[in-house]
Amino acid sequence: MRTQVAIVGAGPAGLILAGLLHAAGIESVVLEDRSRAYVEARIRAGVLEHGTVELLERAGVADRLHREGIVHGGINLQFDGERHHVPLQELAGGRTIVVYGQTEIVKDLIADRLARGLPLLFEVDDVSVHDFDGDAPFVCFEHEGTRHRLDCDIVVGCDGFHGVCRPAIAEVLRTFEREYPFGWLGILVDAPPSSEELVYAHHPRGFALLSLRSPTRSRLYVQCAPDEDVAEWPDDRVWEELRVRTALPGWSLNEGPVLEKGITGMRSFVAEPMQHGRLFLAGDAAHIVPPTGAKGLNLAAHDVGVLADALVAWYRSGDREQLDAYSDTCLRRVWRAEHFSWWMTSMLHRHPDADGFDERLQLSQLRYVTASHAAAQSLAENYVGL
Ligand code: FAD
Ligand code: DHB
């Protein structure tokens, strides 16, 4: 088998890259180790920056997103028994965000690719990447009981944090990491959202987030311990914590059947550089942010937007300049998002060993962000991803 670009991983990074390359007339093969059903059922992000929406338009898969995505011009920050509206659109030069599930993006991209008859293989095993130091890299894998070798010009590791591509160049990477002493328990609920726009709530019992997926589906999160067993969180306990942490006089939380429940740990991680020879890393394979800033999916999309442009320039004119600059270009945005996500996380969560001093600093920061135009503007610019 031969292709121009071998893409490992069919998450948002791999699928968007394949879509952008196809739109530019560049061939690729996407290899995914899970099944289609598994990848399409994995519930994750929901907030898209304007730039992510534009990339999906360029990849030709934004029709349903435009029909069903919900445009938001603001978010709410809640603390000390009050809910404060942050008018993102007004503060960030008219930019908005769109609420549309990552799962839906993945479904749209897979359906589009398969409808065009383009190569996307699920349930591949034992993927390994080779010879990216030279001019003729290749990827080996097993599919339906047969070993294959895929020769290519470029290998892109879009295989997430636990993939095989980053470890393949571990010796040339420098990594930076923080773990947080808490996690998020998320539920998907068959009930209309209780708030028109997202609510990020800081509360003495811990953080809570009210989000949504559609006019009839809510997506809610509560801070929990990082290693918590989901069995310790029956629905009643989740609802009780959500009610207490988001309570406001004259407002109530819409409840309904819980359709899905899961716990996510939180970490910050960056591997530098994001390329070595003809192997490029994109998305969670290269960096992780804690979810509080809603940046993970958007960073993954940004990486592959930069890489697609660089590959187009290289194939058209042989000019390597953009490809050589890929890691530096991406890392500037990655580190901005790392800082913003760390800052939002630190400001909004309850830290297990925080004392009164730490708590008062958090409250002071939250008051400042909601009272100062300049501070709110900074939050807004980072959140919408200028
Ligand atoms: P992934 O989605 O992890 O995709 C990698 C793919 O590679 C997977 O399909 C995996 O099965 C496959 N793979 C792995 N190993 C191999 C292998 N050896 N061979 C072949 N395939 C392999 N981000 C936001 O922007 N906004 C949010 O609101 C947000 N909320 C989140 C909420 C939660 C609960 C979680 C968990 C994450 C959230 N994120 C959010 C982060 C976002 O989901 C990720 O950053 C995003 O999925 C990254 O996409 P990716 O394609 O790089 O990686
Ligand atoms: C969602 C996830 C996030 O991490 C976030 O900051 C906002 C919303 C969501 O899943 O809807």
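**Exercise 1.** How do the residues of the shell around ligand 2 divide into nonpolar, polar and charged?

*Solution.* This is a predicted model, in which local features need pLDDT of at least 70, side-chain atom pairs count only at pLDDT 80 or more, and totals for chains, interfaces and linings use all residues. Residues are numbered from 1 along each chain as its sequence is written, chains are lettered from A and ligands numbered from 1 in the order in which they are written, and side-chain values use heavy atoms, with hydrogens and water left out.

Step 1. A residue is near a molecule if one of its heavy atoms lies within 4 Å of it. Around ligand 2 there are 14 residues, and Tyr 200, Ser 211, Arg 213, Tyr 221 and Pro 291 come nearest.

Step 2. Sort by type: Ala, Val, Leu, Ile, Met, Phe, Trp, Tyr, Cys and Pro count as nonpolar, Asp, Glu, Lys and Arg as charged, and the others, Gly among them, as polar. The shell then divides into eight nonpolar, three polar and three charged residues.

Step 3. Strands are DSSP runs (E, at least two residues), helices likewise (H or I, at least four), numbered from the N terminus. Strand β15 (208–214) and strand β16 (217–224) each supply at least two shell residues; the largest share, three residues, comes from β15.

**Exercise 2.** Which side chain has an N or O atom 2.6 Å from an oxygen atom of ligand 2?

*Solution.* Step 1. Look for polar contacts, which are pairs of N or O atoms within 3.5 Å. The side chain is that of Tyr 221.

Step 1. Check the cover, using accessible areas from the Shrake-Rupley method with a 1.4 Å probe. Ligand 2 taken alone exposes 290 Å², of which the protein buries 96%.

**Exercise 3.** Why is the pair of Phe 176 and Trp 335 edge-to-face?

*Solution.* Step 1. Rings of Phe, Tyr and Trp (its six-membered ring) pair if their centres lie within 6.5 Å; planes under 30 degrees apart count as stacked, over 60 as edge-to-face and the rest as tilted. The whole structure has 11 aromatic pairs.

Step 1. The ring centres of Phe 176 and Trp 335 are 5.6 Å apart and the planes stand at 85°, so the pair is edge-to-face.

Step 2. Locate the partners: Phe 176 is in strand β13 (residues 174–189) and Trp 335 in helix α11 (residues 326–348), 159 residues apart.

Technical notes: A polar contact is a pair of N or O atoms within 3.5 Å; within protein, one must be able to donate a hydrogen and the other to accept it, and residues adjacent in sequence count only if both atoms are side-chain atoms.
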